[in-house]
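Below is a short note for a colleague who is new to this structure. Please read the numbered points alongside the sequence and the model.

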Amino acid sequence: MNPIALDSPAQTAAYLRTLPAIRERCGRVHALAQKGELEYFDYHPEKERDAAAFCVNIIKRDFGTNFAAIPPHGRWRHLDAGRPRVQPLIEKWRSSPNPPDTKEICRRLIDLFLVSVLLDAGAGNAWTYKEDVSGQSFSRSEGLGVASIAMFEQGFFSSDSKNPHQVDAEGLSRITFPQVATAMQVSDSNPMVGLEGRSSLLVNLSKALKANTTYFGESPRPGNLVDFLETGAIEDPANGSRHVHIFALWTALIDGLSPIWPATRTTLAGISLGDVWPCNALKKHAVAEGDELVPFHKLTGWITYSLVEPIEKVLGWKFEGLEHLTGLPEYRNGGLLVDFGVLSLRPGAIPASFYPDPSSGIPKLPPSHPAIIEWRAMTVIELDRIADEIRNQLGLTPEQLTLAQVLESATWKGGREIAKQKRPATGGPPIDIESDGTVF
């Protein structure tokens, strides 16, 4: 390993909030796995081919050979579960008596997509949402997406009755736990995991918007990110389109949303780091303070993927540097690796007390457990490797099949489908995580 040398804990803290730090630190964990030096998992790279082949079959089933038709990973598909909702909403705005301009349409979509992602942490196996308009029922990410767009259309996140289709700081500050429970149809017979954490994220988002007017404007809304990004965009003289580097959006989100994460998260040099955790396997190799920390920033990454699409589609802007985005370390992508044996828990590594149902063979662990840190770190690097193997089997280049397309069409979906095959009663992952509504 060749760790990046940083002069102080404050510099390390700043580095751990960057995009490149995710791959670099996860790469350190992966390097240990190759030498058999993880505490909880054994690594079987020869199984990557099987996982990739399973994903290739899903891609061919859903898209044939029209790989260019594969959309990027993002919240848009969940909001359109069962039927189109986003584009009809855009058309409704455009046909209104006083239609918003294109930039305001994009602001509204950013409002919607960002708050929808924040509500997207795992809901558990039991919860469902029934849509009034269609009568269809949805669960998990799709259910949360459909619920969030219904709440948005009802003005749930807006303080302005004349402009219900927006998310603003004042509207968020008024949201209560019972209101969120009612809007999401939660009851004793329809329980949701992590509801309180989800509700607190919305209230904390209000505080973050007010505290970061540079990114979110004097009348704070997530959608005002468009105006911030425009100030640093480079205009193409040939066609007038704007080019924005992904680091600009990432910085706005990682800095602007930092107040929303629970105060119990990792800190370094007095700086709260968010979705960054100590990895036991790295501690023995640590030289400087913070060397054992591994950043994931999963929800920030999920927001970033989800906002790129409407900005590019609606405004016609182009993001540069998308290759710096990583695969998302969550239980579907990670579950694919465990279910195909790329990663296997070492026998006896997890104490019996973490197995609520010993007959299932599935442990239930908090997000801070060192096994979860290893699992997530391996998932980030393995998603790159699985994506390369998928491209190899299909004869495609990274330009012809991006990581964002792989996440959308293959690994996330593959993790869900293999889980359903192996555990048809629940469709749950091979390792269960105690969700607090703020990580997964």
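1. Apart from neighbours within four places in sequence, H78 is in contact (heavy atoms within 4.5 Å) with S141, E142, G145, V146, W302 and W412. H78 is part of helix α4, residues 76-79; helices are DSSP runs of H or I with at least four residues, numbered from the N terminus. H78 counts as buried because its relative accessibility is 7%, the cut-off being under 20% relative accessible area with a 1.4 Å probe, protein chains only.

2. The model is predicted, with local features needing pLDDT of at least 70 and side-chain atom pairs counted only at pLDDT 80 or more, while totals for chains, interfaces and linings use all residues. Residues are numbered from 1 along each chain as its sequence is written, and side-chain values use heavy atoms, leaving out hydrogens and water.

3. Domain 1 covers 38-69 + 328-439 and domain 2 covers 74-326; these bounds come from an automatic or database domain assignment. Taken over C-alpha atoms, the centres of the two domains are 24 Å apart.

4. Where the domains meet, 29 residues of domain 1 are in contact with 33 residues of domain 2. The buried area is about 2,500 Å², with carbon and sulfur atoms giving 62%; this is the accessible area (1.4 Å probe) that the two parts lose on being put together, summed over both.

5. Between domain 1 and domain 2 there are 3 salt bridges, each a side-chain nitrogen of Lys or Arg within 4 Å of a carboxyl oxygen of Asp or Glu. The side chains of D275 and R376 form a salt bridge at 2.8 Å, N to O.

Technical notes:
Helix = DSSP H or I, 4+ residues; strand = E, 2+ residues; numbered from the N terminus. Buried < 20%, exposed > 50% of the residue type's maximum accessible area, 1.4 Å probe, protein only.
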